[in-house]
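Dear colleague,

My notes on the findings follow it.

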Amino acid sequence: MMLFSVFLLKDDINLMKEMKLNHYRFSVSWPRILPSGIRSEHINEKGIRYYNDLIDMLLDNKITPVVTLYHWDLPQVLQEKYGGWQNGSMVGYFNDYANLCFERFGNRVKHWITFNNPWSISVEGYETGEHAPGMKLRGSGAYKAAHNIIKAHAKVWHTYDMKWRSKQKGLIGISLTADWGEPVDVSNQRDIEAAERYIHFYLGWFATPLFHGDYPQVMKEYIGRKSGQQGLGASRLPVFSPQEKSYIRGTVDFLGLGHYTTRYITQKNYPSSFGDSYFADRDLAELVDPQWPDPGSEWLYSVPWGFRRTLNFIKSQYGNPMIYVTENGVSEKMLCTDLCDEWRMQYFREYINEMLKAVKDGVNVKGYTAWSLLDSFEWDEGFSERFGLYFVDFRNKNKPRYPKASVQFYKRLVSSNGFPNQREVESWKRKAVETCSSSNQLLAADPLIGHMEMVTEIVVPTVCTLCILLSAVFFMFLLRRRL
């Protein structure tokens with residue numbers, strides 16, 4: 001998902017062109033083109049036109065569109081009427097919506113991502129309630145949502161495969177977000193197993209069914225045992241039928257990967273009396289090293305070596321599939337308006353270097369996408385965390401964009417397709433920091449501009465209205481005296 005204004009669309013695409021980007025990932029909004037969620041009821045042609053214009057502008061500028069069909073944007077009526085992803089009927093509705101997108105955009109779009117970060121949709125949407133739709137169905141909601149999401153992905157893959165692939169020649173993938181889990185004690189078997197379990201409950205929850213046809217064995221064992229201890233007659237983890245296993249197996253043309261950070265993992269037993277929850281089912285604890293850099297989001301620590309290990313895990317577990325890194329980046333706090341973001345340049349440098357090491361290991365990485373071009377709306381954090389290469393001044397009604405130093409650094413990285421040598425990279429960094437000072441000066445002047453706009457748009461009309469009211473009162477007073 002990206003922060004696109006209709007009025008700034010051309011300008012934002014020009015920013016991409018100047019950076020020499022050759023691919024760009026964005027999300028289509030289901031409610032924007034199908035407000036009811038149901039194709040037969042109403043198609044919003046204005047929404048269709050918006051995405052058609054965006055796709056055409058990208059292609060005109062030689063930028064390949066990579067389209068995500070679902071990035072947490074469910075038509076509200078489907079949530080209210082059916083309970084959203086708790087209901088199996090979403091599989092059919094999502095397929096109809098995806099089919100409409102293939103029909104209207106598929107002649108130009110060749111890379112489709114069905115879901116972005118289904119782990120977060122399931123856990124934070126239906127388990128903890130931190131994110132939309134805010135449901136707290138502990139111990140079952142996340143598993144049920146994930147089950148329906150996996151089946152919806154598979155159905156869309158088959159629809160494209162049978163109906164559109166031969167003429168459109170595109171690819172269907174899914175984007176899974178996964179942190180790396182490292183054992184606290186690499187000589188302790190229980191910690192080693194806990195770290196593997198962490199990854200299987202995170203990445204493997206979705207990847208293993210799509211590549212192998214069923215949930216990871218460790219998930220089935222742990223959730224089944226915990227469910228039995230809680231006196232339940234069946235596991236809280238739903239079961240795929242033999243037909244469903246066959247249907248979902250192999251429905252991935254490429255795997256999208258969002259990766260940001262790493263955790264140390266150790267064994268921790270949660271007794272059945274603790275209650276049922278996704279987190280207790282795993283029997284583990286997550287730790288961080290206080291020396292890891294953490295410039296922005298409280299959950300995001302810079303741990304580059306975890307990226308290479310995550311990529312190699314995918315290679316070994318899933319037959320070395322084609323991987324597109326769909327998200328990788330670092331944030332800063334809202335109050336940080338220093339555009340000389342050296343920590344971001346360092347993050348990109350180290351993480352991309354680890355990705356290149358993984359490529360040398362034989363991992364089939366085909367593309368990399370930095371998160372993100374612009375500062376945007378970060379879910380429950382709103383605008384308080386900034387991941388953008390371009391700073392967006394949200395206080396200003398025109399939402400001007402200011403390049404951070406990382407823009408020039410990333411542009412040189414893209415142009416060179418890697419790191420030529422240490423001296424050259426240090427030169428990039430030095431030049432990038434030098435060029436951000438003028439942008440800092442512009443941004444520092446922006447509050448004054450914003451204040452002037454506020455005076456013009458709010459204070460002046462208010463004063464004029466008061467003057468009119470006072471004049472009317474005075475006029476009435478004169479009339480009364482004459483009468």
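**The sheet and its surroundings**

An open sheet is formed by seven strands, ordered β1-β2-β3-β4-β6-β9-β11, and the pairing is parallel. Strands, like helices, are DSSP runs numbered from the N terminus (strands E, at least two residues; helices H or I, at least four), and two strands pair if DSSP finds at least two bridges between them. At the edges stand β1 (23-27) and β11 (365-368), each of which pairs on one side only. On average, neighbouring strands of this sheet are turned by 30 degrees against each other, direction ignored; axes are lines fitted to C-alpha atoms, for helices over the stretch in contact, and angles run from 0 to 180 degrees between N-to-C directions.

The model is a predicted one, in which local features need pLDDT of at least 70 and side-chain atom pairs count only at pLDDT 80 or more, while totals for chains, interfaces and linings use all residues. Residues are numbered from 1 along each chain as its sequence is written, and side-chain values use heavy atoms, with hydrogens and water left out.

Strand β1 pairs with β2 (residues 64-70) in the parallel sense over five bridges. Within this pairing, His23 stands opposite Thr64, and Ser27 has Thr68 as its bridge partner. Helix α6 (residues 118-126) packs on the sheet and touches β2, β3 (111-116) and β4 (171-177); contact means heavy atoms within 4.5 Å. The direction of α6 makes about 20 degrees with that of β3. Strand β1 is largely enclosed by the rest of the structure, because four of its five residues are buried (under 20% relative accessible area; exposed is over 50%, partly exposed in between; 1.4 Å probe, protein chains only).

**Glu327**

UniProt, in an unreviewed entry, lists Glu327 under "active site"; UniProt positions are given in the numbering used here, feature names are shortened, and annotations may be inferred rather than shown by experiment. Glu327 lies in strand β9 (residues 323-327) and is buried, with a relative accessible area of 6%. Leaving aside neighbours within four places in sequence, its contacts include Arg25, His71, His259 and Trp371. The side chains of Glu327 and Asn116 are joined by a polar contact of 3.2 Å, that is, a pair of N or O atoms within 3.5 Å; within protein, one must be able to donate a hydrogen and the other to accept it, and residues adjacent in sequence count only if both atoms are side-chain atoms.

Yours sincerely
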